[in-house]
Amino acid sequence: MKSPDRLLIVDDVPDNLFLVRTILEEEGYKIITSSNGHDALKIIGAEPPDLILLDVMMPLMDGYEVTRRIRAMKELPFIPILLITAYDRANAVKGLDLGADEFIRKPIEANELLARVRSLLRLKHSIAERDRIDRQRQDFVSRLTHDLRTPLVAADRMLGLLQDGVLGEISPEIHEALTIMGRSNHNLLEMVNKLLDVYRYESGSKTISLQSLNLKELLEQVVQELKPIAISKNLELSTDLINLSEIAEIKGDRLELLRVFNNLIGNALKFTESGGVHVSLKADASEAVIAIADTGTGIPLEEQPFLFHRFRQGSHQKQGSGLGLYLSHYIINAHNGRILVKSPNLDSQQGSTFFVYLPTIAL
C-alpha cells in the first residue's frame with residue numbers, strides 16, 4: 001500500500017496553520033508544520049517532503065527567501081512549492097520567478113486548495129517516475145557496458161595471439177583478415193570503454209586523481225604520439241607551447257587530460273584533409289588556455305550548440321561514436337574548467353578551433 005504524501009506547511013500564524021492542516025488531513029495527507037523559514041529549511045534538508053505550502057509574509061525570513069534557498073539546494077529532489085499569499089498577483093509572480101510552482105490567494109477556499117495540491121502532487125509523482133525510469137535505464141546500460149567489456153578484452157587478446165603466430169603459423173590472407181577483425185574489435189572496445197566512463201561521470205562515481213602537471217610536457221607527449229597520423233595525411237602538426245612551470249602550477253588527472261587532448265587533436269587531424277593542425281598554450285596566474293586549431297571544413301553553425309551532447313555526430317561522413325567530445329566535456333568540467341569551439345576560424349574563414357580553459361594555482 002502506498003504511503004500518504006508528506007506535506008510541509010510553513011506559516012507563522014497558528015490559525016492559518018490549523019486551517020490548512022485540517023483541510024489537508026481530512027484528505028489523508030501526512031502533515032508536517034513549521035512556524036518559520038529557518039526551521040522549515042532544516043526539515044527540508046533532513047527529510048524532504050513531497051510538497052511545500054509556504055506563506056509569503058513571515059518575519060525574519062519571508063516566503064520569497066525560503067523559496068530561493070530551497071531552489072539553491074541542488075542535492076534535493078524536485079519538491080513543488082505552493083505559495084500562500086495575501087499580496088496582489090504581481091507579488092505572487094515574484095515568487096514564481098524565484099522558483100515556486102503555484103500560488104493561492106488568501107482567504108483560502110478549501111476546494112481550490114485541494115485542487116492545487118492534487119495538481120502539484122501529480123507533477124511531483126510524474127517527475128519522480130520519469131527520474132526513476134531514467135535511473136533504471138542508466139543502470140541497465142552501465143551494467144550492460146561493463147559486461148560487454150570482458151569478452152571484448154578477451155577477444156582482443158586472442159586475436160593478438162593469433163596474429164603473432166603463437167597458436168600456429170597463419171597465411172598472409174588470414175593475417176590480413178585477423179588485422180581487420182582486430183581493428184573492429186578494438187574500435188568496439190574503445191567505444192564501450194568511453195560509454196562506461198560516461199555513465200561513471202554522469203552518476204558521480206568517477207573520481208579523478210589530481211596531481212601537479214606540466215601542461216607543456218603533456219601536450220608535447222600527445223603531439224609526438226599523433227605525429228605519424230599527420231605525416232600519413234601529409235599534414236603539418238605544429239605547436240606554440242610556453243613553459244608553464246615558470247608561471248603557475250596545474251592540478252589535474254594526467255590520464256584523463258591525456259584522453260581529452262588525444263581526442264581533440266586526433267579529431268582535428270581526422271577532419272583535416274589539407275593544411276595542418278596548430279596546438280598552442282598560454283597561461284597566467286589563474287588560467288591556462290589550450291587552443292587546437294585546424295584547417296578543415298569547419299563545423300556548421302547549427303551543429304555547434306549540440307557538439308558536446310551525448311551521441312551527437314556532425315554531418316561529416318567520418319566514423320565515430322559521438323561520445324568523445326561529450327566525455328571530454330565531462331572531464332574538463334571535473335577539473336573546474338571549460339571547453340568550447342569556434343568555427344570557422346576568423347583568420348582563415350575555414351576550419352575549427354577548440355579552446356580548453358583550465359584553472360592554475362599560482363606559485
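This is a predicted model: local features need pLDDT of at least 70, side-chain atom pairs count only at pLDDT 80 or more; totals for chains, interfaces and linings use all residues.
Q: Which residues of α9 are called buried, and what makes them so?
A: In α9, which spans residues 324-334, they are G324, L325, Y326, L327, S328, I331 and I332. The word applies because each has under 20% relative accessible area.

Q: Why is strand β10 said to be largely enclosed by the rest of the structure?
A: Take residues 287-294, the eight that make up β10: six of them are buried, so the strand counts as largely enclosed.

Q: How do you know that β9 and β10 pair?
A: Two strands pair if there are at least two bridges between them. Strand β9 (residues 276-283) and β10 have seven, so they pair, and they do so in the antiparallel sense. Within this pairing, V279 stands opposite I292 in β10. The two strands form a hairpin, with three residues between them.

Q: What makes up the largest nonpolar core?
A: This core has 44 residues, and L237, F261, L264, I265, V279, I290 and I292 have the most contacts inside it. Helix α8 (residues 254-270) gives the most to this core: eight residues. Another core, of 22 residues, lies apart from it and includes V10, V56, L76 and I79.

Q: Which residues is L237 in contact with, leaving aside its neighbours within four places in sequence?
A: They are V223, L226, K227, A230, I265, L269, V277 and V279. Each counts as a contact because heavy atoms come within 4.5 Å.

Note on methods. Residues are numbered from 1 along each chain as its sequence is written. Side-chain values use heavy atoms; hydrogens and water are left out. Buried means under 20% relative accessible area, exposed over 50%, partly exposed in between (1.4 Å probe, protein chains only). Helices (H or I, at least four residues) and strands (E, at least two) are DSSP runs, numbered from the N terminus. A nonpolar core is a set of buried Ala, Val, Leu, Ile, Met, Phe, Trp, Tyr and Cys residues joined through side-chain atoms within 4.5 Å.
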